[in-house]
Amino acid sequence: MTDAPVIAAVDGSDHSLKALEWARAAALRHRAGLLIAHVLPDHAQLYAGRRAALHDASEPAEYPDPVNDRIRALLGGGSELPEGVRYASLEGSVPEALRVIGEEARMLVMGSRGRGGFASLLLGSNSRAVATTAPCPVVVVPHAERSADAETGASAGRVVLGLHAAETPDDVLAFAFAEAAVRGTTVQVVSAYEVPPAPTMVIDSPFAVIPPEGLADDGEGVPAEREMLRAQTERLAPFRTRHPDVPVEQAAVPGDAAGRLVDASRSAALVVVGRHHPRRTARSLLMGSVAHAVLQHAHGPVAVVPTLTDDA
């Protein structure tokens, strides 16, 4: 859907306004329209039958003036809506309303917590539900307490792709390469491989931490790394051809994929992961453990990409 808009889910909270700022920049990069979606509170839906419906509006009337002023400031400061920007008021539960409107979206952007969330939660229930069920890529922008300070290391500003070479759908790779292309940046591909414990190792607790000296020696680890890089190269080949101007860096790392991606999120512009559990069907609505863990702990924006095409 080349003409599909970027949708920003806004509820008036600081978290959602930060997501709106991210979505506005994404819309400009993709030369796409921006739709600011607001789910009406329950009391405003009493006469609407609680349907998940779309109503265009000149502004989100449920917000107090200071919030509307901040929204206008994010959009350029004028009283009129900029070209390509519109508002929508939605009815129904937040996850269901956003799932319905997501069918027309290039991507749906939301904050990691909403206005009613507990301050101690890293990821709000609505953000989790939308990332699990939306038919489009969902970008979750973390709140200030989780955001890392800007870094200038080797991976700063890059798009980081979590790749299981045998199981990640093509749609996930396509999204990552497209994002890197419009940003003029590198795709950093991260895949993890298991390192078997030494034969004499005994672990009494399932939560035990294995020290580095307990890992298998290089004789075991290096072949696994080489095989992972070979599998990566094979999967990446058509996307390199499609995006010849996008630099690619490949990394095969031992251990926990989610932990490596969370570390990379400290300096990445965006972390991209697939949604479905690799052992389930491609169109499964269940979220895999890696995507769930990255959403819970990432320090920067995370895109959760479902399978979008029948042949992915």
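This briefing walks through the fold, the cores and some individual residues of one protein model.

The model is predicted: local features need pLDDT of at least 70, side-chain atom pairs count only at pLDDT 80 or more, and totals for chains, interfaces and linings use all residues. Residues are numbered from 1 along each chain as its sequence is written, and side-chain values use heavy atoms, with hydrogens and water left out. The protein has eight helices and 11 strands. Helices (H or I, at least four residues) and strands (E, at least two) are DSSP runs, numbered from the N terminus.

**Confidence**

- pLDDT is the predictor's confidence in each residue, from 0 to 100.
- The mean pLDDT of the protein is 77, and 68% of its residues reach 70 or more.
- Over residues 200-221, the pLDDT falls below 50. Beyond near neighbours in sequence, this stretch has 13 contacts in the model. Contact means heavy atoms within 4.5 Å.
- Residues 278-285 also have pLDDT below 50, with 15 contacts beyond near neighbours in sequence.
- Where pLDDT is low, the predicted coordinates should not be read in detail.

**Overall picture**

- Of the 312 residues, 45% count as buried. Buried means under 20% relative accessible area, exposed over 50%, and partly exposed in between (1.4 Å probe, protein chains only).
- The protein exposes about 15600 Å², and carbon and sulfur atoms supply 53% of that area. Accessible areas come from the Shrake-Rupley method with a 1.4 Å probe; for residues, only the protein chains shown count as cover.
- Take the contacts with a separation of 6 or more: 78% of them join residues 24 or more positions apart.

**Nonpolar cores**

- A nonpolar core is a set of buried Ala, Val, Leu, Ile, Met, Phe, Trp, Tyr and Cys residues joined through side-chain atoms within 4.5 Å.
- The largest one has 39 residues. Leu 34, Ile 36, Val 109, Leu 161 and Val 272 have the most contacts inside it.
- Helix H1 gives this core its largest share, seven residues.
- A second, separate core has 34 residues, including Ile 101, Met 110, Val 160 and Val 273.
- In soluble globular proteins, nonpolar side chains tend to be buried together.

**Strands E2 and E4, and Leu 34**

- E2 and E4 run parallel, joined by six bridges. Two strands pair if DSSP finds at least two bridges between them.
- Leu 34 has Val 85 of E4 as its bridge partner.
- Strand E4 (residues 85-90) is mostly covered, with five of its six residues buried.

- Arg 31 lies in the loop between helix H1 (14-30) and strand E2 (34-39). Its phi is near 55°, a positive value in a residue other than glycine.
- Arg 31 counts as exposed because its relative accessibility is 81%.
- Gly 84 sits in the loop between helix H2 (65-74) and E4. Its relative accessibility is 46%, so Gly 84 counts as partly exposed.
- Arg 31 and Gly 84 are 53 residues apart along the chain, and their C-alpha atoms are separated by 9.3 Å.
- Gly 84 is in contact with Gly 33 and Leu 34, leaving aside its neighbours within four places in sequence.

**Strand E7**

- In strand E7 (residues 159-162), Val 159 and Leu 161 point one way, Val 160 and Gly 162 the other way, and all are buried.
- In a regular strand the side chains alternate between the two faces of the sheet.
- E7 pairs with strand E8 (residues 187-193) in the parallel sense over four bridges. Val 159 stands opposite Val 187 in E8.

- Helix H5 (residues 170-183) has 14 residues and should span 20 Å at 1.5 Å a residue; its end C-alpha atoms are 20 Å apart, which agrees. The expected span is 1.5 Å times one less than the number of residues.
- Buried residues of H5 include Leu 173, Phe 175 and Phe 177.
- Gly 184 follows H5 and has a positive phi, near 65°.
- In helix H8 (residues 289-297), Ala 291, Val 294, Leu 295 and Gln 296 are buried. The buried residues of H8 pack against elements including helix H4 (125-133) and strand E6 (138-141).
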